[in-house]
Every structure is written in structure tokens, then in C-alpha cells.
Amino acid sequence: MGDVCIVCCDGLTGLPDAINVTWPQAIVQLCVVHLIRASLRYASKRYWAPLTRDLKLIYTAADEAAAAAALEDFAGTWEARYPAIVKLLRAHWAEFTPFLAFRACRRMRVA
């Protein structure tokens, strides 16, 4: 069995525990797409575009501190209308942010 550094999963109950049993040193990461989809369940489709734009500022932040600041900005904008989304993000923060500990890959421009 090979080494596994990070495993991205959908938050299925028990899956992180099974991963940790199989690969004790692996980092378990909640899938960003699944978290966004779960967030949008609480919102009117009318607001999906601005919500996803503001959510993107969180998951594309340079590090966890910047992501936390973006979450606070998000909460300032959206918590009054959609408190359940902010609550969901905060509740899953520890499972959502592990990837932010890794340096961002820089994209190479092809001439």
C-alpha cells in the first residue's frame, strides 16, 4: 500500500475515520465543491451567483488566515440573509481548510 498525503472526501459520516485507520498520517480534506453545493441548498437560486463569487474568495485565499478574514467578510455580507450558510462553513472549518496549509501552485504561462 502506498503513502497517501491528503484525501479529499464528501463528508460522508465515518469516511474520515476509515481513511485515518487506513492511512494514519493522511490529511482528510472536505471537498470544496460538496461544501459549496451544501451551502447553496440554503439559498435562493437568485443569489447563487453572488454567493459563489464571495465563497470563492474564501477557498482561493492564500492561507488559512486570509481565508478566515474572507469568511468574516462573507458573514458580514450574507449572515443576516443566510445564517445557515455561515454556520455550515464555521462548523466544517477544520475539515475544509487543510489544503490551505500547502503553498499555492503557480500556473505557468505558455507563450
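Here is a chat about the helices, rings and charged pairs of this predicted model.

Reader: Hey, what should I know before I look at this one?
Author: It's a predicted model, so local features need pLDDT of at least 70 and side-chain atom pairs count only at pLDDT 80 or more, while totals for chains, interfaces and linings use all residues. Residues are numbered from 1 along each chain as its sequence is written, and side-chain values use heavy atoms, with hydrogens and water left out.

Reader: OK, how many helices and strands are there?
Author: The protein chain has 6 helices and 2 strands. Those are DSSP runs numbered from the N terminus: helices are H or I with at least four residues, strands are E with at least two. Starting at the N terminus, the order is β-α-β-α-α-α-α-α.

Reader: And how much of the chain is buried?
Author: 34% of the 111 residues count as buried. Buried means under 20% relative accessible area, exposed means over 50%, and partly exposed is in between (1.4 Å probe, protein chains only).

Reader: Let's zoom in on H5. Which residues are buried there?
Author: H5 covers residues 83-91, and Ile 85, Val 86, Leu 88 and Leu 89 are buried in it. They sit on the same side of H5, because they cover an arc of only 160° around the axis. That arc is taken from the directions from the helix axis to the C-beta atoms.

Reader: Why would residues in a helix point the same way?
Author: An α-helix has 3.6 residues a turn, so residues three or four places apart point the same way.

Reader: What's on the other side of H5, then?
Author: Lys 87 and Ala 91, and both are exposed.

Reader: And what do the buried ones pack against?
Author: They pack against helices H2 (32-40), H3 (48-59), H4 (64-78) and H6 (93-96). Contact here means heavy atoms within 4.5 Å.

Reader: Switching topic: how many aromatic pairs are there?
Author: The structure holds 6. Rings of Phe, Tyr and Trp (its six-membered ring) pair if their centres lie within 6.5 Å; planes under 30 degrees apart are stacked, over 60 edge-to-face, and the rest tilted. One of them is Tyr 47 with Trp 78, which is edge-to-face at 5.9 Å centre to centre, with 75° between the planes.

Reader: Where do Tyr 47 and Trp 78 lie?
Author: Tyr 47 is in the loop between H2 and H3 and Trp 78 is in helix H4, so the pair ties together parts that are 31 residues apart in sequence. Tyr 47 and Trp 78 are both buried. Ring pairs also link Tyr 47, Phe 74, Trp 78 and Tyr 82 into a cluster.

Reader: Which residues are linked in a network of salt bridges?
Author: Glu 72, Glu 79 and Arg 90. Arg 90 bridges to Glu 72 with the closest N and O atoms 3.1 Å apart. Arg 90 lies in helix H5 and Glu 72 in helix H4, so this pair ties together parts 18 residues apart in sequence. For Glu 79 and Arg 90, the closest N and O atoms are 3.5 Å apart.

Reader: Last one: is Arg 90 buried or partly exposed?
Author: Arg 90 counts as partly exposed, at 35% relative accessibility.

Terms used. Salt bridge = Lys/Arg side-chain N within 4 Å of Asp/Glu carboxyl O.
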